[in-house]
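Biologist: I am new to this structure. Please show me how to read it, one feature after another.

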Amino acid sequence: NGTPYTFTVKTTNSAGAALTSSAASTAVTPRSVSGAPGIPTVSAADGQANISWTAPVDNGGDLVTEYTVTSSPDLATCVVTILGCTITGLTNGTAYTFTVKAKNSLGYGVASAASTSATPRTNPGSPTAVSLREETL
C-alpha cells in the first residue's frame, strides 16, 4: 500500500511471444485504512479530559481526514481533524482510558492502544460552618 505501480502487457500466441510490450499504464497506488495512531496522552480536569496523540506511521497510502477519540467507560467521544481534543461531561472521581482511531477515504483503521488512566477531579469547596473555640493554656 502507498507504493505506485505501472503495468505493461505482452501478448503471446502459438507462434510465440511478441517482441515488445505495450506502453506502461498510468500509475496506480494501492490503499488501505490507516494504521493505529500513537498512544494518547491525557490530562484530567474538572469533569473533562484533554487528550493528544501522534498521527499513524502508516496512513494506508491516503490522507487521514478525521480522528475519533473514545473513552472507557462511558464511550464518550470527540471527532476532530487535528491531533488533540477535550472530552467534557466526564464523571469526577471515575478513572478513564482513551483510544483513538484514524479515518481516511477507505474508512477507520484500527484503534490505538489505550492511554494510561486519568481521573477527572474538582478542587474541594471552601469550608463552611467554621466556629472558633477558646482554650486556656
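**Reading the fold**

Modeller: Begin with one residue and its contacts. This is a predicted model. Beyond its neighbours within four places in sequence, C85 is in contact with A49, N50, I51, W53, V69, C78 and V80.

Biologist: Which residues touch the most other members of the largest nonpolar core?

Modeller: A core is a set of buried nonpolar residues joined through side-chain atoms. Here the largest one has 16 residues. I51, W53, V69, C85, I87 and F98 touch the most other members. At least two residues of this core come from each of β4 (48–52), β5 (66–72), β6 (77–80), β7 (84–88) and β8 (97–104). The largest share is from β8, with three residues.

Biologist: How many helices and strands does the chain have?

Modeller: The chain has zero helices and nine strands. Its radius of gyration is 28 Å, while the globule rule gives 14 Å for 137 residues, so the chain is more spread out than a compact globule. The C-alpha trace spans about 120 × 20 × 20 Å along its principal axes.

Biologist: What share of the residues count as buried?

Modeller: Buried means under 20% relative accessible area. In this chain, 26% of the 137 residues pass that test. The accessible surface comes to about 9000 Å², and carbon and sulfur atoms hold 55% of it.

Biologist: How many positive and negative side chains are there?

Modeller: Count each set, then compare their centres. There are 6 positive and 7 negative side chains. The two centres lie 18 Å apart.

Definitions and conventions: Residues numbered from 1 in each chain as written. Predicted model: local features only at pLDDT ≥ 70, side-chain atom pairs only at ≥ 80, totals over all residues. Heavy atoms only, no water. Helix = DSSP H or I, 4+ residues; strand = E, 2+ residues; numbered from the N terminus. Rg over C-alpha atoms; globule rule 2.2 N^0.38 Å. Buried < 20%, exposed > 50% of the residue type's maximum accessible area, 1.4 Å probe, protein only. Areas by Shrake-Rupley, 256 points an atom, 1.4 Å probe, with all protein chains shown as cover. Lys, Arg positive; Asp, Glu negative; His and termini not counted. Charge placed at Lys NZ, Arg CZ, Asp CG, Glu CD. Core = buried A, V, L, I, M, F, W, Y, C linked by side-chain atoms within 4.5 Å. Contact = heavy atoms within 4.5 Å.
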